[in-house]
Amino acid sequence: MPELPEVETVRRTLNELIVGKTIDRVTVNLPRIIQKPDDTQLFAALLEGRTFQSVERRGKFLRLLLDGIVLVSHLRMEGRYGLFGKEEPTEIHTHVIFHFTDGTELRYKDVRQFGTMHLFQPGEELQARPLNKLGLEPLEEGFTLETFQRALGKRSTKIKPLLLNQEVIVGLGNIYVDEALHTAGIHPERQWNELTKKERELLHLAIVETLSAAVEAGGSSIKSYVNGQGEMGLFQHSLKVYGRNGDCCHTCGTLIEKSVVGGRGTHVCPKCQKQPRNVNRSRTTSSIESRNAVKHRLDGKSSKDS
Ligand SMILES: [Zn+2]
């Protein structure tokens, strides 16, 4: 699923590709993508004749600003945009097409069909679902150690599910939470209210650094993610723990382990990220990688667990 860096990359690309283009008409092939208004003909009619002014982002949502209307788009699992000439064949799973007056088309393709689009009057989108409940933007100037600590409050929740909660902080998904926690040296099952002042500082810094570096690299190409121009991001080559179960930690050489925290596959270095003493070890998943990791440990090739 695209997270903040991937959506930010799509935002930047779309800004280059579609700003200044005027919509001639809109084709909706899969009505359920359109969440607001609930009439797809009205959706199309509201967009016709409008020109894209800029593309913004709020959390993992794209805010496409047109003259007099705002389109809020969420890519969910595998939604993607592409700009094509009208003569180019339309790929399967293309659900919404914005036909421009210049003969090009912005096509929205979504194999899993989980993506959503909402139309709002300008300004209303921030006060209404789905954007009104979103938490802190980690790459904006207002994201200081102070605002971060205030947003998380005194919660006794495990840190990983807390960071995944979009009402607390936006844009972090499974990949970047695992990466940021590893960078900060914090185990995902630690409780927020038990982190030391130093650990909170390290975590705040790690979130900013991880997301910034991923944005620089154009996001991570995990499964089918590509940006708005069909290009792959490169940050997957820089991942330290995510998807590396059974491989060595770059810092200490210990094998990265995969377990389940808060229902999500979670990657940690058991040496760099000490587990809290009062928590039972989560079962390692039955993935081949994890079995290999266990086998390697049994072979005595790696370190002890705490
Ligand atoms: Zn390590």
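UniProt positions are given in the numbering used here, and annotations may be inferred rather than shown by experiment. In the unreviewed UniProt entry, the feature "domain: FPG-type" is placed at residues 240–274. In the predicted model, residues 240–274 are 0% helix and 29% strand.

The protein as a whole contains seven helices and eleven strands. Of its 306 residues, 37% are buried. Among contacts with a separation of 6 or more, 62% are made by residues 24 or more positions apart.

Four of the strands form an open sheet, in which the order is β1-β7-β8-β6 and the pairing is antiparallel. Its edges are formed by β1, spanning residues 23–28, and β6, spanning residues 80–85. Each of these two edge strands pairs on one side only. With direction ignored, neighbouring strands of the sheet are turned against each other by 20° on average.

Within the sheet order, β7 stands next to β8. Strand β7 covers residues 94–100 and strand β8 covers residues 104–109. The two are joined in the antiparallel sense over five bridges. In this pairing, V96 is located opposite Y108 of β8.

Notes: Residues are numbered from 1 along each chain as its sequence is written. This is a predicted model: local features need pLDDT of at least 70, side-chain atom pairs count only at pLDDT 80 or more; totals for chains, interfaces and linings use all residues. A residue is buried if 20 or more other C-beta atoms lie within 10 Å of its own, exposed if 12 or fewer, and partly exposed in between; C-beta atoms are placed from the backbone. Two residues are in contact if their C-beta atoms, placed from the backbone, lie within 7 Å. Two strands pair if DSSP finds at least two bridges between them. Axes are lines fitted to C-alpha atoms, for helices over the stretch in contact, and angles run from 0 to 180 degrees between N-to-C directions.
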